[in-house]
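Hello,

Please have a look at it first and then read on.

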Amino acid sequence: MISGKTRVLGIIGHPVEHTSSPAMHNAAIAALGLEYVYTAFPVRPEELGPAIAGMRALNFRGLNVTVPHKVGVMALLDEISPEARAIGAVNTIDHREGRLIGHNTDAYGVMQSLRLDGGLETLPSRVALLGAGGAARAILYALLQRPEVEHIALLNRTAEKAAALAASLDPEGKRVQPGVLDASSGEQVAAAGLLINSTSIGMHPHPDASPLPNPACLHTGMVVLDIVYNPLETLLLRQARQAGARPVDGLGMLARQGARAFAIWTGVEPPVEVMRAAALERLGKPSPLKPAAN
Ligand code: NAP
């Protein structure tokens, strides 16, 4: 029930119509009986400044930030968390006592997913990370926080972008080895105990594409996380299962980065399974939390 005391949460992006975030957050709000509402605001790049001023003036409690505003919004905030500063992008704004504080919850989301969905309390010493875009930045940052990760092969179609990302987060070049993602990448992937795809290859409307030219490099004992979540089971994850590796889909990371933002805003830990089920339903899959209709 929306009342005069209802606090506003939301997401800004462009485009933002296909986001799963309203479904996830409103499901958690309903499950907890809290007085919040979460909606999506399409904001064109030239309107970002007025949108953030509007957030202050209208006393919104918080916003998620998605493409293309994650970097541009930083200059408009009063404070940036050390983690978001190091990653170089904000995906969550906390409006607290008149100040706007930027956070990045993607690094938390991916680590929680690897632990709880991938069964990895400790990460393997060798990791292969595919991609060098916005998501790769947060994931590389998170991997570098873990001392047990000794070597990260960072492979991307545009090798220069992998090199630039590696240089910015591992300036001494001790742990990250950047390179090109092509038919020659198999050896580096095969040497890894954990493979993470953070490219958009395999995403709708191209579900028949895999980021790996040759899946023979996948093996038993390997965990394969594909952060693409539409479709839920990508070709890469099917290839991983066939090779005896442990496949982990991107919904766990999505739900957990959302759950962290929710906790920042409300002070309450939300039910992650409710958020995940809502995102699943949004993707047209039956919710595991509701009985099937006859
Ligand atoms: P981005 O910044 O646009 O980066 C895209 C990456 O994919 C780049 O490395 C790009 O390589 C690569 N790529 C795109 N098309 C390619 C192709 N045809 N062949 C080879 N490489 C290609 O995007 P992003 O924000 O990092 O997001 C990447 C994916 O992760 C999206 O599918 C997004 O939905 C998903 N994601 C999921 C979560 C989650 O919580 N599960 C969170 C964030 C993002 P180049 O540098 O060579 O262009």
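Before the notes, one term: contact means heavy atoms within 4.5 Å. Helices (H or I, at least four residues) and strands (E, at least two) are DSSP runs, numbered from the N terminus. Axes are lines fitted to C-alpha atoms, for helices over the stretch in contact, and angles run from 0 to 180 degrees between N-to-C directions. This is a predicted model, in which local features need pLDDT of at least 70 and side-chain atom pairs count only at pLDDT 80 or more, while totals for chains, interfaces and linings use all residues. Residues are numbered from 1 along each chain as its sequence is written, and side-chain values use heavy atoms, with hydrogens and water left out.

**The parallel sheet**

Six strands make up an open sheet with parallel pairing, ordered S9-S8-S7-S10-S11-S12; two strands pair if DSSP finds at least two bridges between them. At its edges are S9 (176-180) and S12 (246-248), each pairing on one side only. On average, neighbouring strands in this sheet are turned by 15° against each other, direction ignored. Three bridges connect S11 (residues 223-226) with S12 in the parallel sense, and Val223 is opposite Arg246 of S12.

Two helices are worth a look here. H8 (residues 235-242) packs on the sheet and touches S10 (194-197), S11 and S12, with its direction at about 170° to that of S11. H6 (residues 159-169) lies across S8 (151-156) and S9, and runs at about 170° to S9.

**The mixed sheet**

Another open sheet has six strands in the order S2-S1-S3-S5-S6-S4, and its pairing is mixed. S2 (36-42) and S4 have a single partner strand each, so one side of each is left without a neighbour in the sheet. S5 (residues 92-96) and S6 (residues 99-103) run antiparallel and are joined by five bridges; Ile93 has Gly102 in S6 as its bridge partner.

H2 lies across S1 (7-13), S3, S5 and S6, at about 35° to S5. H9 lies across S1, S2, S3, S5 and S6, at about 5° to S5.

**The ligand**

Which residues are closest to the ligand? Of the 20 that surround it, they are Ala135, Asn156, Arg157, Thr158 and Met203; a residue is near a molecule if one of its heavy atoms lies within 4 Å of it. This shell divides into nine nonpolar, nine polar and two charged residues. Here Ala, Val, Leu, Ile, Met, Phe, Trp, Tyr, Cys and Pro count as nonpolar, Asp, Glu, Lys and Arg as charged, and the others, Gly among them, as polar. H5 (134-144) and H9 (251-266) each supply at least two residues of the shell.

The side chain of Asn156 places an N or O atom 2.7 Å from a ligand oxygen. A backbone N or O atom of Ala132 is 3.0 Å from an oxygen atom of the ligand, and a polar backbone atom of Ile227 is 2.9 Å from a ligand nitrogen. The ligand alone exposes 930 Å², of which the protein buries 73% (Shrake-Rupley method, 1.4 Å probe).

**Backbone details in the loops**

Two peptide bonds are cis: Val67 to Pro68, with omega about 10°, and Asn230 to Pro231, with omega near 10°. Pro68 sits in the loop between S3 (62-65) and S4 (79-80), and Pro231 in the loop between S11 and H8. Asn59, in the loop between H2 (48-57) and S3, has a positive phi near 60° although this residue is not glycine.

Best wishes

Note on methods:
A polar contact is a pair of N or O atoms within 3.5 Å; within protein, one must be able to donate a hydrogen and the other to accept it, and residues adjacent in sequence count only if both atoms are side-chain atoms.
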